[in-house]
Amino acid sequence: MAKRPHILNLRKILRNSAHCVVAYDTHARKVIGFINCISDGILTAYIPLLEVLPEYQHRGIATKLMERMLEITTRYYMTDLNCDAALVPFYEKLGMKKGTAMMRRNYSQQSGQT
Ligand SMILES: CC(C)(COP(=O)(O)OP(=O)(O)OC[C@H]1O[C@@H](n2cnc3c(N)ncnc32)[C@H](O)[C@@H]1OP(=O)(O)O)[C@@H](O)C(=O)NCCC(=O)NCCS
């Protein structure tokens, strides 16, 4: 199972992002999902994280978060993300195209840079 960043790192991640959108449950008074985007401010927008709490999944929340982020980044030349193969249809429904990506992962730093 993927290790999540510590909550304090998560706050920093959102603060340091070019754009972020959070989903908030006003009754439970807690954040239940979020999406962030890092950017050069000119050409490129990259979406590293999209997460919804398990008990709130399958209600369209991630779709709404993605739609909002795609609106926010609509004027960039490129809006990219990496995902597992199983999620390709989810992103295709949002109008994104499947591509090829290269990546490096440092799993010892999965909770955040130390
Ligand atoms: C992926 C994730 C953000 C979706 O959140 P969500 O709010 O449930 O998404 P929505 O309700 O808008 O859409 C759900 C649809 O997405 C697709 N989907 C969601 N998770 C999926 C998965 N693991 N595999 C394949 N399809 C999936 C299905 O088509 C699903 O439809 P269904 O509800 O009829 O089953 C959520 O499962 C999550 O936080 N996962 C862990 C983190 C993650 O993998 N993030 C994606 C990074 S690329």
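Student: Why is Cys83 called partly exposed?

Tutor: The relative accessible area of Cys83 is 34%. Buried means under 20%, exposed means over 50%, and partly exposed is what lies in between, with a 1.4 Å probe and protein chains only. Cys83 therefore falls in the middle class.

Student: On what kind of model do such values rest?

Tutor: This is a predicted model, in which local features need pLDDT of at least 70 and side-chain atom pairs count only at pLDDT 80 or more, while totals for chains, interfaces and linings use all residues. Residues are numbered from 1 along each chain as its sequence is written, and side-chain values use heavy atoms, leaving out hydrogens and water.

Student: How do you know how many disulfides there are?

Tutor: A disulfide requires two cysteine sulfur atoms within 2.5 Å, and a search of the whole structure gives 0. Cys37 has Cys20 as its nearest cysteine by sulfur, at 9.8 Å, and is in no disulfide. For Cys83, the closest cysteine sulfur is that of Cys37 at 16 Å, which is too far for a bond.

Student: Is Cys37 buried or exposed, and what makes it so?

Tutor: Cys37 has 0% relative accessibility, so it counts as buried. This cysteine is found in strand S2, which spans residues 30-39. Strands (E, at least two residues) and helices (H or I, at least four) are DSSP runs, numbered from the N terminus.

Student: What does Cys37 touch, apart from residues up to four places away in sequence?

Tutor: Among its partners are Ser17, Ala45, Tyr46, Pro48, Met69 and Thr73, where contact means heavy atoms within 4.5 Å. Pro48 is 11 residues from Cys37 in sequence, and their C-alpha atoms are 6.4 Å apart.

Student: What makes a group of residues a nonpolar core?

Tutor: The members must be buried Ala, Val, Leu, Ile, Met, Phe, Trp, Tyr or Cys residues, joined through side-chain atoms within 4.5 Å. The largest such core has 19 residues, of which Ile35, Ile47, Ile61, Leu65 and Met66 touch the most other members. Two or more residues each come from strand S1 (19-25), S2 and H2, and H2 gives the largest share, 5 residues. In soluble globular proteins, nonpolar side chains tend to be buried together.

Student: Which residues does Ile35 contact beyond four places in sequence?

Tutor: They include Val21, Ile47, Leu49, Leu50, Leu65, Met66 and Met69.

Student: Why can Val22 belong to a nonpolar surface patch?

Tutor: A patch takes residues with over 30% relative accessible area and no salt bridge; nonpolar side chains (Val, Leu, Ile, Met, Phe, Trp, Tyr) are joined within 5 Å, and like charges within 9 Å. Val22, in strand S1, has a relative accessible area of 40% and is partly exposed, so its value passes the area cut-off. Together, Val22, Tyr24 and Val31 make a patch of about 270 Å². Accessible areas come from the Shrake-Rupley method with a 1.4 Å probe, and for residues only the protein chains shown count as cover.

Student: Why is the pair Lys30 and Glu55 called a salt bridge?

Tutor: The rule asks for a side-chain nitrogen of Lys or Arg within 4 Å of a carboxyl oxygen of Asp or Glu. The closest N and O atoms of Lys30 and Glu55 are 3.6 Å apart, so the pair meets the rule. Lys30 lies in strand S2 and Glu55 in the loop between strand S4 (50-52) and helix H2 (61-72), so the bridge ties together parts 25 residues apart in sequence. Lys30 is partly exposed at 32%, and Glu55 is partly exposed at 46%.

Student: How many salt bridges does this rule give?

Tutor: The count is 2. Glu71 and Arg68 also form one, with N and O 2.8 Å apart. These two residues are 3 apart in helix H2, or about one helical turn. Glu71 is exposed at 51%, whereas Arg68, at 39%, is partly exposed.

Student: What makes the phi value of His58 worth noting?

Tutor: Its phi is positive, about 65°, although His58 is not a glycine. His58 is in the loop between S4 and H2 and is exposed, with a relative accessible area of 82%.
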